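Here are my notes on the structure you sent. They are set out point by point, with residues named so that each can be looked up.

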Amino acid sequence: MTAQERRAAILEVLSRSHQPVSAGALARRFGVSRQLIVGDVALLRAGGEAVTATARGYTLQPRPQGLVRRVACRHEAADMERELEIMVDNGCTVLDVMVDHPVYGQLTGALRLSSRYDVRQFIQRAGAAQPLSLLTEGVHLHTLVCPDEDALRRVLEELNEQGFLLDEDGWEVLS
């Protein structure tokens, strides 16, 4: 298998998988090193493919179905799980978290959380690690995909009730 064929096969695996696929699993599947897979993914990204690295592995970003909105939040690190539960409990998928760092600019972490199970797994993996929002005194953005305006309204209302919404108008239409 040539490198180009392997990269095409990686895209095929990612497009069919409903879960992230680790570099190690891809390496075993194609009989190459994990580092070679990491390089293949970098080349795929450079070529414009929407491959995202998460803590659980690589995913191919499908075109989001639904309303894509960005929500500005602020809370303590201890409130992260509750904030994420509010979003997924109302039917939305949390695509990412972003902060505006004064030195490095926009820093984004892929999340792709759509259920309480996903949230629990994320919180467990995070362990004692500090969230990105600590760099910005708790201020951060989440990109959400919501099935409809009603789901978004419910999320905004609950975030506001909990004091997590940065501003009552703290959301942006992305598509």
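1. Please keep in mind throughout that this is a predicted model.

2. His101 belongs to strand β4, which covers residues 93-101. Its relative accessibility is 16%, so His101 counts as buried, the cut-off for that class being under 20%.

3. The side chain of His101 has two backbone nitrogens as polar partners. A polar atom of that side chain lies 3.0 Å from the backbone nitrogen of Val103, and the side chain also reaches the backbone nitrogen of Tyr104, at 3.1 Å. Leaving aside residues up to four places away in sequence, His101 touches Leu107 and Leu135.

4. The next points concern helix packing. Two packed helices are described by the angle between their axes and the distance between the axes. For helix α1 (residues 3-16) and helix α2 (residues 23-30), the angle is about 125° and the axes are 11 Å apart. α1 and α2 are therefore oblique to each other, and α1 passes α2 in a right-handed crossing.

5. Which residues of α1 meet α2? On the α1 side they are Arg6, Ala9, Ile10 and Val13, and their counterparts in α2 are Leu26, Arg29 and Phe30. By class, the residues of this contact between α1 and α2 are five nonpolar and two charged, with no polar ones. As background to the spacing of such positions, an α-helix has 3.6 residues a turn, so residues three or four places apart point the same way.

6. The second pair is helix α4 (residues 80-89) with helix α6 (residues 149-162), packed at an angle of about 155° with axes 9 Å apart. That angle makes α4 roughly antiparallel to α6, since over 145 degrees counts as such. The crossing of α4 past α6 is right-handed.

7. α4 contributes Arg82, Glu83, Ile86 and Met87 to this contact, and α6 contributes Val155, Glu158, Leu159 and Gln162. The contact of α4 with α6 holds four nonpolar, one polar and three charged residues.

8. Is α4 mostly covered or mostly open? It is mostly covered, with seven of its 10 residues buried. The buried residues are Met80, Glu83, Leu84, Glu85, Ile86, Met87 and Val88.

9. What do the buried residues of α4 pack against? Their partners are the strands β3 (67-74), β4, β5 (105-113) and β6 (139-146), together with the helices α5 (116-126) and α6. β4 is also the strand that holds His101.

10. Gly91, which follows α4, has phi near 90°. Arg112 has phi near 55°, a positive value in a residue other than glycine. Arg112 is placed in strand β5 and is partly exposed, with a relative accessible area of 25%.

11. Last, Gly48 sits in the loop between α3 (34-46) and β1 (51-54). Its relative accessibility is 62%, so Gly48 counts as exposed, the cut-off being over 50%. Gly48 and Asp89 are 41 residues apart along the chain, and 33 Å separates their C-alpha atoms.

How values were computed
Residues are numbered from 1 along each chain as its sequence is written. This is a predicted model: local features need pLDDT of at least 70, side-chain atom pairs count only at pLDDT 80 or more; totals for chains, interfaces and linings use all residues. Side-chain values use heavy atoms; hydrogens and water are left out. Helices (H or I, at least four residues) and strands (E, at least two) are DSSP runs, numbered from the N terminus. Buried means under 20% relative accessible area, exposed over 50%, partly exposed in between (1.4 Å probe, protein chains only). A polar contact is a pair of N or O atoms within 3.5 Å; within protein, one must be able to donate a hydrogen and the other to accept it, and residues adjacent in sequence count only if both atoms are side-chain atoms. Contact means heavy atoms within 4.5 Å. Axes are lines fitted to C-alpha atoms, for helices over the stretch in contact, and angles run from 0 to 180 degrees between N-to-C directions. Angles under 35 degrees count as roughly parallel, over 145 as roughly antiparallel, 65 to 115 as roughly perpendicular and the rest as oblique. A crossing is left-handed if the near helix is turned anticlockwise from the far one by less than a right angle, and right-handed if clockwise. Ala, Val, Leu, Ile, Met, Phe, Trp, Tyr, Cys and Pro count as nonpolar, Asp, Glu, Lys and Arg as charged, and the others, Gly among them, as polar.
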